[in-house]
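Trainee: I would like to learn how to read a few features of a protein model. Please start with strands and sheets.

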Amino acid sequence: MKLKRLMTASMAAVMAVSSAIVCQISVSAAETVLYEYKAGQITEVLFTEEAMTAVKAATKSIEVTIDAEGDGSFFLLETSTWKGSGGSITSSDENWAAFTAANGIKVCPSNYTKVNKITAIIDGTASYTVYDVTAETKGIPFPKTGDIYKISADDLANAGVTAENIADSKLVVTFDSVGENKELSLLATREGWGDMFYWGNSMTAGEMELPLTGFCDSVDLGTKPLTTGISLFCKDSVVSKIAIRTPAKHVESLKITQKDGSNVDPEYTYGETIALTAEVTPADADDADKVTWASETPDVATVNENGEVTLLKAGEAKITATADGKSESVTFTVKKKKLTVAPSALTEIYVKDNKIEAAAKAVTAKYALENDENVSLVKGTDYTVSEPQISADKKYYSITITLSDDAAGKYELSTTTLKGYIAYELTSVALNSDTLNLVAGADGRQLVATTTPDNALLDNLTFTYKSDNETVATVDKNGLVTPLKAGTATITVTAKAVVTTTNGMPILTKTATAKCTVTVTDNSIPATNIELDTYSKTMTVGEKAKLTATVKPDDSTDKVTWKSNNDKIVSVDENGNITALATGTTEITATAGSVSAVCKVTVEGVKVSKVELNKTSVSLKVGGTEQLTATVSPDNATDKTVTWTSSNEKIATVADGKITAVAPGTATITATADGKSATCTVTVSKEAQIIKDPKKYPGVPKNYAKVDPVVTTTNSDGTKDMLVMFSISDSDVKNFRGARVTFKRADGKTFSRSLILGKYYTDVTYVKDGDNYNGNSQNYIVIRLKNVDESWGDISAKFELINGLG
């Protein structure tokens, strides 16, 4: 489009300027719409030639009928006003002459009224449709050159036009159709220049951008601002949209925090809800409200469009927020959720015999995992339960819970082994003898009661002994029968067992009885024979056993006595209980009256079962040493002497477990005791060159201090990778579990990372200028900064020691 510019007021000369207006559409620019056509929104209506001929010939009146939706005002010729949907003008009206001379009428409905149709009735007879909303013409019709649409200086300011961005701001006019002359005129008044007029005659339908700084000339609107705004003119054309387009305001940076404004924590637990938000700088950037979220670890955590993070399992998570090409990420650790499993969750089992496996399996099959956190886990899907294991004393059974891979990635159980209690019912009791033949005044005889199930399996078991003839024989509470005079007595034992719940509440009581007939005479009966349950026995040092002697006849009144030929090897008490004390062989003799029996006892030493080393592999430099420690099992082994050997003493030697590295290579160190052995593989390498680093590295700064890199390398894209080192005291490493290091760029932007001190080593070796350097026996923290560009400026850092131990 060609434009002509006419300057008046302060400029006397007339200049003609020719330029090309280029339509540039920037999708990222900010656009403020000042006018946009909507159906029924009209300001001026052209009459047809036929209608205007009738208007000019009219002698009486013109009635205008307006079909509209809504209740608003309509203005004709800008001076006459009608309410509602119609109005008329007569030959006596002061506006008659102006109306008949015009090419149309101005109809200005209020903004909440839609005009559908306008009809003009001439002299009450001829009817003409001068406007129909369904017609093709849209927007603002411009019937003549004149002050049609004004853009004020306030409009420009409200659209965001400033002295800084005016050079890149545009006036945008969208033409639905253009008139025959294809003309566009603009009028602006600037400080120091007066009125400026622009004209062009090559418009086309569509969008056109015009620069605000002089439209196409060199006038600087920044230094010569508009004082009244801009007036827009055109001829026989339809404008559907007028807008001001300002350049885009880009996002410079983002900062991710929790929605309550706090920093993102370094650790979260599965099941927690994390709501993140991204603070955009500057806040009024065009795409400030267009933040997108993504997870770089979707198997650990996902994030939705609102920044709400869902934790899927334990692991390291990384969430990134992006706006207008700028991104920021946060990383954190997802921990497993701890579930507290009730240790008494299994149902008690009650049985009458020793066949308890089936009952335990039945209870296990019904078991469902419960926890104090009320997390619902599905058996068979989230966890499995092992077959029940019966304890050695048969009082308990246990099961093992195993989480599935998916559940194990989310949860940690307080215990995986549960115990169930087994309670037995008493069914019968028996005595070790049904009859006793005793001599009056002689020593008594001990009765022993045995129950079914076994005594040890019954809870709250008691025995009560009673004699029905205490003048013949008595019995004490422990079952010892004492003969008093000739006669017969019956001894009755009553066994009682009470089954209780785990909290001690009785739920079942069972009793059973057994009897023994005691015959007492006045004569003594000598022993004719004595037999032992075994006549030879092999034991180990520390072992205990019991020998049993049987005297014949059964009613003999002679008592059994016991003796050891060497009580330093084996000791024996009055009841035949023997204890192995030292290696060797001896005899135990049982005597009743004039008869005796001998048991030969051999005591052997305790053999070594295994040898273990505190290390199975060692790496040393030439000249280095390492002390190995051997553990011999069991603790009471007779010979725990350890011998040490090396498979290759040219590589490494060993003496009393101390290894000395001799030359590079590999050797095997063997520790042997009583035929059992254990090995350790030793790898020897050359000592690395140790060069004192002349640079003194700073201690961890408590406040921001400038970072001085140890090594800096340049990447292919111009960014740099930096290696920085800080020394940290032994006491800090000992007393603190971790540290939070925060780096700050020159522009004030910060980013933090948490460190676990226990995962760093006290001896750091690195390479600089081809030489190996070590940590000189001090503690160091080494951090690598990647992709550092010039915009970072000077980098400073500070440390905060956390999780103090005291």
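Mentor: Two strands pair if DSSP finds at least two bridges between them. Helices (H or I, at least four residues) and strands (E, at least two) are DSSP runs, numbered from the N terminus. This is a predicted model, where local features need pLDDT of at least 70, side-chain atom pairs count only at pLDDT 80 or more, and totals for chains, interfaces and linings use all residues. Residues are numbered from 1 along each chain as its sequence is written, and side-chain values use heavy atoms, with hydrogens and water left out.

Trainee: What is the strand order in the open sheet of four strands?

Mentor: Strands of a sheet pair through backbone hydrogen bonds, either parallel or antiparallel. Here the order is 20-26-25-22, and the pairing is mixed. Strand 20 (267-269) and strand 22 (292-295) are at the edges; each has a single partner strand, so one side of each lacks a neighbour in the sheet. From one strand to the next the twist averages 35°, with axes taken as lines fitted to C-alpha atoms and angles running from 0 to 180 degrees between N-to-C directions.

Trainee: How many bridges join strand 25 to strand 26?

Mentor: Nine, between residues 315-323 and residues 326-335, and the two strands run antiparallel. Threonine 320 has serine 329 of strand 26 opposite. Over the chain, there are six helices and 69 strands.

Trainee: Is serine 796 buried or exposed?

Mentor: Buried means under 20% relative accessible area, exposed over 50%, and partly exposed in between (1.4 Å probe, protein chains only). Serine 796 has 13%, so it is buried. This serine belongs to strand 69 (residues 796-804). Beyond its neighbours within four places in sequence, serine 796 has contacts (heavy atoms within 4.5 Å) that include Tyr704, Val707 and Phe743. Of the 806 residues in the chain, 39% are buried.

Trainee: Which residues have a positive phi although they are not glycines?

Mentor: Lysine 394, at about 60°, is one of them. This lysine sits in the loop between strand 30 (389-390) and strand 31 (396-403), and is partly exposed at 35% relative accessible area. Aspartate 656 is another, with a phi of about 50°; its loop runs between strand 57 (652-655) and strand 58 (658-661). Aspartate 656 is exposed, at 69% relative accessibility.

Trainee: Where is proline 282?

Mentor: Proline 282 is in the loop between strand 21 (273-281) and strand 22. The peptide bond leading from threonine 281 to proline 282 is cis, with omega near 0°.
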